[in-house]
Amino acid sequence: MVAVEQLVKTYGPVLAVDHISFTVQAGEVVGLLGPNGAGKTTTMRMLTCFMPATSGRVRVAGYDVFTDSAAVRRQLGYMPENVPLYPEMRVSEYLRYRGRLKGLRGQTLEDRLRFVIDACELGEVRTRINDQLSKGNRQRVGLADALISDPDLLILDEPTIGLDPNQVRRVRELILELGRHRTIILSTHILSEVEMMCQRVIIMHQGRIAAQETMANLRSSTKRLYGCEVKAPARELEVLLRALPGATDISVTEQGGWTHGTLRCALPDTDPREQLGAAVRAKNWTLRLLDVHEPTLEDAFVEITAR
Amino acid sequence: MRNFWTMYKRELLTLYLTPTGYIVMCVFLGVLGWVFWLLVRVLNLPDMVKIDTDVFSIMFGGTFFYWIVLAAISAALTMRLFAEEYRTGTIETLMTAPVSDIQVVLGKYLAALSFLLLMWAPTVLYVVVLGRYATVDYGVVFSGYVGTALLCAMLTALGLLVSSCTRSQFVAFFVSFVIILMLFSLNFMQNIVSPGWRALYQYVSVLEQFKEFSAGVLDSRSFVYFISVTLLLLFATVKSVESHKWR
């Protein structure tokens, strides 16, 4: 559905997007992640034909975003960050206008309007002026706008920011439902959301793609966090942890007479718990806890973007 | 074409929904009504009745107020057209919808021009009222309206171009207003330039081109002047909108 090849975008001397390439298959829900300034929004703006690339190529549904821009824009629904709306228009009036602009007319337009108002729970505010909407309602109007033409590709920039927990849950459910028969590219800083909704993630860092993996592969390639709690001086535990093969990210804290130590292991397929347990026994320290935390997306994100 | 109408209707509706449209309309009709009353009173003074001058040949381009009001209202009506889209970010949703730059520019342009021309509609009452009490040269009235429509078309295109170059409505208004005043002042420049340049200044002077319309003459050269400048400004606006994507 989306094929990006060697995409570059510069703003004067600043290289915002640096030779990125990726593909998104039809029906896939892909999370586009990265720290602020990583180039996510610029990439999405190039995918949606809002700005051209400095070099490289983007094809959406087989159409080139530069040469077949109109055809590409007919295929997609885009919800930009901060959801800009015309302040003087009413919600239903605005959505009807956007539907018309996207080529909908007559009964089809009315049916789609009814659907998006229901799906995005805008019934109560449909006659309200955009300028008077809360942040959450603005987000939902932006989502309804992206959905109104029933596009094959949805590009959503921070779709749940500003929503209350109940609304977040309902929007997530809606995106999951939409993702069953649509391609979705989703950018968000809420990593748990990506874990719940996306099959694959693309992590951008300093304009480049730092990782693109399925969720399972990303977790398995991320170092696990091992922890132990012993009755021992903090300095001595730290020395012991450092002596373990491949030990990185060591942290030691003391609390209530117990010393808590954590580490990650840089060696693949190596579990340091056995060696750690043996070393603690050799020192005759009392061991209260020895465990392992499976890596989360947050761990993967931090590890990749800290490189 | 459908997208053009969608854009056009929204822009026209916005002008009728926002206070700017009503303020501009009130100022315009107030000033023009006052000028009309003043002209009728002055031309009826005992010393003036022997001067064979039609009220409408003065009203269309013969007073300072005509030019200053047109400069101010065309700048005020066009200032938000693109500047507001850039400021609020709605340009992003607009330009990622399947609508072309030309459709966007023409939709906004014709909406502002329609609003401006519709504001002139109530002034037909002046013609009707004066026609009941005096002899009106309808040829002058007709050419005055045609000239005014062409001038409005050009000034609206100029205001739209300036609005497409900035994110600030205030800057758009101020720059448009100043450029329009400078365009009007080209007429006076011909008195201070060398004779070789005089012909050129005369041709590009808006006031000079408008003179014929005030006199009741429809000169094809003036049509070509106003239409070609308008088209050039609209073309520049399309390029300006396109250029925002390249920044």
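The questions and answers below walk through a few features of this predicted model.

Me: Which strands of the open sheet in chain A stand at the edges?
Reply: The sheet has four strands with antiparallel pairing, in the order S2-S1-S4-S5. Two of these strands each have a single partner strand, so one side of each is left without a neighbour in the sheet. The edge strands of chain A are therefore S2 (14-24) and S5 (63-64).

Me: Which residue in S2(A) stands opposite A:Val2?
Reply: Strand S1 of chain A covers residues 2-11, and this strand pairs with S2(A) in the antiparallel sense over seven bridges. Within S2(A), the residue that stands opposite A:Val2 is A:Val24.

Me: Is B:Glu85 buried or exposed?
Reply: B:Glu85 lies in helix H5 of chain B, which spans residues 80-88. Its relative accessible area is 2%, and since a residue under 20% counts as buried, B:Glu85 is buried.

Me: Which side chain does a polar contact of 3.0 Å join to that of B:Glu85?
Reply: Leaving aside neighbours within four places in sequence, B:Glu85 is in contact with residues including B:Arg10, B:Lys108 and A:Tyr86. The polar contact of 3.0 Å joins the side chain of B:Glu85 to that of A:Tyr86.

Me: What is the relative accessibility of B:Phe170, and is B:Phe170 buried or exposed?
Reply: B:Phe170 has its place in helix H10 of chain B, residues 169-189, and belongs to a nonpolar surface patch whose members, among them B:Val171 and B:Met182, have about 620 Å² of accessible area together. Because exposed means over 50% relative accessible area, B:Phe170, at 61%, counts as exposed.

Conventions
Residues numbered from 1 in each chain as written. Chains lettered and ligands numbered in written order. Predicted model: local features only at pLDDT ≥ 70, side-chain atom pairs only at ≥ 80, totals over all residues. Heavy atoms only, no water. Patch = residues over 30% accessible without salt bridge, like charges linked within 9 Å, V, L, I, M, F, W, Y side chains within 5 Å. Areas by Shrake-Rupley, 256 points an atom, 1.4 Å probe, with all protein chains shown as cover. Salt bridge = Lys/Arg side-chain N within 4 Å of Asp/Glu carboxyl O. Helix = DSSP H or I, 4+ residues; strand = E, 2+ residues; numbered from the N terminus. Buried < 20%, exposed > 50% of the residue type's maximum accessible area, 1.4 Å probe, protein only. Pairing = 2+ DSSP bridges. Polar contact = N/O pair within 3.5 Å; in protein donor to acceptor, adjacent residues only side chain to side chain. Contact = heavy atoms within 4.5 Å.
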